Every structure is written in C-alpha cells, then in structure tokens.
Amino acid sequence: MSEAGTSDYPHLPPAYRLVALETCDSTNSEAMRRAEEGAEDGTLVWARRQTEGRGRRGRSWQSLAGNLFFSLVLRPDCSPQQAAQLGFVAAVALGDAIGSVVPPMIEVQFKWPNDVLLNERKGAGILLESKIVDGAMDWLVLGIGANVESYPQDLEPPATSLRFEGAPGDVTAMRLLEAFAPHFMSRVNRWLDDGFAPIRRGWLNHAYGLGEEIGVDLASEHLEGRFKDLDDNGTLILELPDGGTRSIAAGDVYRIG
Ligand code: BTN
C-alpha cells in the first residue's frame, strides 16, 4: 500500500476524510482495518489500483486500470436491517452521479440488489461489509467499483464501462468520485429525514426487470417468477408461478427471455 501523490487527487466535500492510495489489496479491506482502528464516519479510501478486489458472494472484482475503486466507512446510528438500505442509497446516488457526467443516451438502471447497469450491462457494483456488536451497528464499509475506462471481457452476464458506452474522455474515475460524493450526501440526508420510501421510489423508477419474469440464484436454490416489488427493507418480492410470493434477501437475479 502506498499513498498517492497529493497533486492529483479528488476534491470532496469537507464531510469526507479522503485516504488516497496509489495501490492497495482491496479498498474494502483497507477501510475495514481503519474502521477497526477507529476511523471516523466519512473516511473514504480511494485507490488507483487494487490487487485483491472483492465482489459480492465471495467473488473477485477485476480491478482494471483507470476504473474507480473506493470504500466509505460509515457509522450509521440505526439497526443493521436499516443500514442495509444504504446499499440502495449508494446505488441511487451513483445513478445521480453518472447521470450528471455522461450524455443522456446512456441508460442507467439499478439491478437488485446493488448493481448499476449502463445500457443493460453491469457498469458498477457495490459491496457492503459490516461489524455488528451486541445487535448494534459498529461500522459499515460501503465499497464501490465502477467501470470507467474498461471492463472485464469474460463475465457472464456481460459487463461494460462508461467509456465503451460513449462517455467523453473527461469523465475519469476521479471525476465520477467527485460527482458521487455530494449526491451521496444529499441522498443520505433525505434517507435520514424521510426514511427509505423516497430512496425505494427512486430505485424502483429505474429498476431492471421490475414486473418481468426473472430467475434468482440463491446459495442452494434456483427460483423463477415475476419481480413484483421491493419491500421496505430492500428485500426482493418474487411472485411464484403458483401465485404465492417469496421474499429474497440475497441472491443474483437475471431476466428470463
Ligand atoms: C459486486 O458487484 O459484486 C460488488 C463489487 C464491489 C467492488 C468494489 S471495488 C472497491 C471496493 N473494494 C473491494 O474489494 N470491493 C469493492
């Protein structure tokens, strides 16, 4: 791990404490270590390169040069269940940020639980990792990886990048982070004031596969049905072929047909 030079780093609102690194194993791992050492809410670990980026469900995250990798230490004063809503807050804020820097012809959608799609291909992913002590949140690390310059070619379903979808050359990883930071603050403030409902609405307005037939891969089960709704906790409600419903807390979804 090495500190990045000071001349070329993102400018963020003062509520954030930027830790800018040239390289690290995983910004989530680094943020978790710092959280354990007492890092304050708002500590943001950003790295130009990661050697061991992690994704959801134990997958690795290919960290290609020029893409965005950062993790935010949060110490939300809420239940662990409510804290999980911050993944949706971050997805919607990232959608705001992307919308503010790229041409409107790139369609931004949210794929449950926390992916951001660009023209129907994955452009960004969010990883939440937390520590709960005696049933209360100690810290939450919210990690975001966004494909700005390039994307892994060997993924199924396929990925994409902002550049490939037509973002102009001045849209860099740093610029996207600078756009994200204030949008995230304002979305978090709205969430604190008004709860999950406005975030849920914003997410559902651009939800991938809503109302359609989807497949859901769970740890040891595969389900198919209609993506009916997102409940007040961010749980996916799947309508099964027999008319019943299933609440899905974690899994991978894809559209059928
Ligand atoms: C996913 O879609 O599976 C989530 C991917 C999250 C990747 C980011 S990159 C920055 C941060 N550091 C990590 O090791 N992972 C997250």
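## Pockets and cores

Strand β7 gives the most residues to the lining of the second largest pocket: three of them. β7 also leads in the lining of the largest pocket, with five residues. The model is predicted: local features need pLDDT of at least 70, side-chain atom pairs count only at pLDDT 80 or more, and totals for chains, interfaces and linings use all residues. Residues are numbered from 1 along each chain as its sequence is written, and side-chain values use heavy atoms, without hydrogens or water.

**Largest pocket**

- The largest pocket holds about 850 Å³ of space. (A pocket is an open set of points on a 1 Å grid over the protein atoms alone where a 1.4 Å probe fits, with protein on both sides within 12 Å along at least five of seven lines; lining residues have an atom within 4 Å of a point.)
- It is lined by 41 residues, and Arg59, Trp61, Asp115, Lys122 and Leu155 are the closest to its centre.
- Two or more lining residues come from each of α1 (27–36), β4 (68–74), β6 (115–118), β7 (121–133), β8 (136–146) and β13 (252–255). (Helices, H or I with at least four residues, and strands, E with at least two, are DSSP runs.)
- The lining has 17 nonpolar, twelve polar and twelve charged residues.
- Domain 1 (2–204) and domain 2 (213–255) both give lining residues, so the largest pocket lies between them.

**Second largest pocket**

- The second largest pocket has a volume of about 410 Å³.
- Its lining has 18 residues, with Ala84, Pro113, Asn114, Ala249 and Ala250 nearest the centre.
- By class, ten of these lining residues are nonpolar, six polar and two charged.
- The second largest pocket also lies between domain 1 (2–204) and domain 2 (213–255), because both give residues to its lining.

**Nonpolar cores**

- The largest nonpolar core has 66 residues, and Phe184 and Trp203 touch the most other members. (A core joins buried Ala, Val, Leu, Ile, Met, Phe, Trp, Tyr and Cys residues through side-chain atoms within 4.5 Å; buried means under 20% relative accessible area, with a 1.4 Å probe and protein chains only.)
- Helix α3 (residues 86–101) supplies the largest share of this core, eleven residues.
- Both domain 1 (2–204) and domain 2 (213–255) contribute to this core, so it lies between them.
- Leaving aside neighbours within four places in sequence, Trp203 is in contact (heavy atoms within 4.5 Å) with residues including Phe88, Trp112, Phe227 and Leu230.
- Another core, of ten residues, lies apart from the largest one; Val19, Cys24, Val73 and Val141 are among its members.

Terms used
Grid points are joined across faces, edges and corners, and a volume is the space filled by probe spheres set on the points. Ala, Val, Leu, Ile, Met, Phe, Trp, Tyr, Cys and Pro count as nonpolar, Asp, Glu, Lys and Arg as charged, and the others, Gly among them, as polar. Domain bounds come from an automatic or database domain assignment. Buried means under 20% relative accessible area, exposed over 50%, partly exposed in between (1.4 Å probe, protein chains only).
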